[in-house]
Amino acid sequence: MNPIDPRVHQALDGEISPDSLPPELRRQVERLEGAAALLARVPELGVERRVMASISRPAPTRVRRLTRWLVTPHSLVLRVRPLWSVALAAVAVLFAIIPVRETGPRLGQEEGIAQFVARFPGAQSVAVVGSFNDWAEGSIPMEDQDHDGVWRASVVLPAGTHEYMFVVDGERWVADPLAGRYVEDDFGRENSLLIVRPAHR
Amino acid sequence: MNRRARTRCGAALLLGLVTGLMPVPRALPAQSVRARLEGRVPATSIPVIDSLIREAGREGLPTDLLVQKAIEGGAKHVSGERIVKAVELNIDQLRRAQALLVSAGDTPPVTPSEVAAVVWARKRGLDSMTVTQIVSAIPDERRGAALHAVADLVAHHFPADSAADLILAAVRQGMHGGRLLDVSYAAVQELQRGHSHSEALAMVQHQLPNVPAQPTPPKSSLERARRPLAASHGEPATP
């Protein structure tokens, strides 16, 4: 390291005028003054200042801490007992193999679902009667849960062909307008015809 | 008690047991018919209806359909006289159906479900020639669905012979049961899309046997489904 000429020190301290120095020393003084000006513009990088700035910063929010925890890598120690692991794997395999049982009634091989839908605005009650319930009123009441005049019923019936009608308000017998299949009932009217397909095909 | 007396006593007991366990032919069905009609059909008509149904049973006709018809009449508050007439009419229809099946090659006694299938087909407007064509071509219990499928098409004004040809073509492709109803449903769908009857038949024939299935009830409706309180006691019907 080259020692700085004492006259340069004096010039920097203002004890002598830089003009009184030889040109080489004068340029050295100018460079050092420029460097000092540059250092004055650079922010303070001292450790103490940085620590103090960190302490005075407001505490991070919970979300921020959670986010930081989530994105920060963590070491995880997993201790496994082989016997328990095998049992757990067996249970998982069983769940995968055994099909999830459907809710609702269990249907026989020769049974199917019949859905009845009919629109009877203003009706107080609607029931389905047919060869499947000995034409007995009341055994299959239909429901109009949202009171929009559309009555519905879903029942499990033996697979096959059935004749049926709707009984409105306990007295009016009506064929199902949506049935699509009709046969004469031999009493001067028509019955709706329903073909129930087995649910297990 | 000596040995001979013990033997006699044992034999009598055995005979009594065997006699008691032996079924009484026809007496039980007759009783059950009356029991089913009582309170549901005008009391004065019950003996006549009972007699008609027993006679039909002796001919090998499916009696449950007749009992159902009588109960239906009672539920609809029809007079006893009209119920008797309806039962007589149904017996006549069953006899004709039985005769048609025998003439088509079935060996008597034909099954009740077969007879019922033919009766429904005839009631739905299928002529006897078409029914005979179907019954002759399908020599097993898959006829019920086939007859309904043809009747569905005829109800939508498809020519009976073309409808029968389509359904028999589906049977030859291995389709049966409810899948035959899918065939008629598909043809009706094509009709509703604006195609002519002949176009609809041709299109579905081209798709065989990969005709789309009819939409099935959603699972939510299955959860709500329940069995009727009074189930039918009869023999299984078609298809």
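**Notebook: a predicted two-chain model**

I began with strand 7 of chain A, residues 190-196, and found it mostly covered, since six of its seven residues are buried. By "buried" I mean that 20 or more other C-beta atoms, placed from the backbone, lie within 10 Å of the residue's own. By "strand" I mean a DSSP run of E with at least two residues, and by "helix" a run of H or I with at least four, each numbered from the N terminus.

Before going on I noted that this is a predicted model, in which local features need pLDDT of at least 70 and side-chain atom pairs count only at pLDDT 80 or more, while totals for chains, interfaces and linings use all residues. Residues are numbered from 1 along each chain as its sequence is written, and chains are lettered from A and ligands numbered from 1 in the order in which they are written.

**Entry: the partners of strand 7**

I looked up which strands pair with strand 7 of chain A, taking a pair to need at least two DSSP bridges. Strand 4 of chain A, residues 160-168, runs antiparallel to strand 7 of chain A and is joined to it by five bridges; in this pair Glu163(A) stands opposite Leu193(A). Strand 6 of chain A, residues 182-184, is also antiparallel to strand 7 of chain A, with three bridges, and here Tyr182(A) has Ser192(A) as its bridge partner. Strands 6 and 7 of chain A form a hairpin with five residues between them, and in the turn I noted Asp186(A), which has a positive phi of about 70°.

**Entry: strand 4 and its other neighbours**

I then followed strand 4 of chain A, where eight of the nine residues are buried. Strand 2 of chain A, residues 126-130, pairs with strand 4 of chain A in the antiparallel sense over five bridges, and Ala127(A) stands opposite Val167(A). Strand 5 of chain A, residues 172-174, is antiparallel to strand 4 of chain A as well, over three bridges, and there Val167(A) has Trp173(A) as its bridge partner. The hairpin of strands 4 and 5 of chain A has three residues between the strands, and Asp169(A) takes a positive phi near 55° in it.

**Entry: chain A as a whole**

I counted five helices and seven strands in chain A, and I read their order from the N terminus as α-α-α-α-α-β-β-β-β-β-β-β. Of the 201 residues of chain A, 24% count as buried.

Chain B has 12 helices and zero strands, and 41% of its 239 residues count as buried.

Which residues does Ala146(B) touch, not counting residues up to four places away in sequence? I found Ile134(B), Ile138(B), Ile167(B), Val171(B) and Leu180(B).

Helix 8 of chain B, residues 143-155, packs against helix 9 of chain B, residues 160-172, at an angle of about 145°, with the axes 9 Å apart. The contact is made by residues including Ala146(B) and Val150(B) of helix 8 of chain B and Ile167(B) and Val171(B) of helix 9 of chain B. The axes are lines fitted to C-alpha atoms over the stretch in contact, and angles run from 0 to 180 degrees between N-to-C directions.

**Entry: confidence**

I checked pLDDT, the predictor's confidence in each residue from 0 to 100. Chain B averages 79, and 77% of its residues score at least 70. Over residues 14-28 of chain B the pLDDT is below 50, and this stretch has zero contacts in the model beyond near neighbours in sequence. Over residues 231-239 of chain B the pLDDT also stays under 50, yet the model has 32 contacts for them beyond four places in sequence. Where pLDDT is low, the predicted coordinates should not be read in detail. For the complex, the predictor gives an ipTM of 0.74 and a pTM of 0.64.

Technical notes: A residue is buried if 20 or more other C-beta atoms lie within 10 Å of its own, exposed if 12 or fewer, and partly exposed in between; C-beta atoms are placed from the backbone. Two residues are in contact if their C-beta atoms, placed from the backbone, lie within 7 Å.
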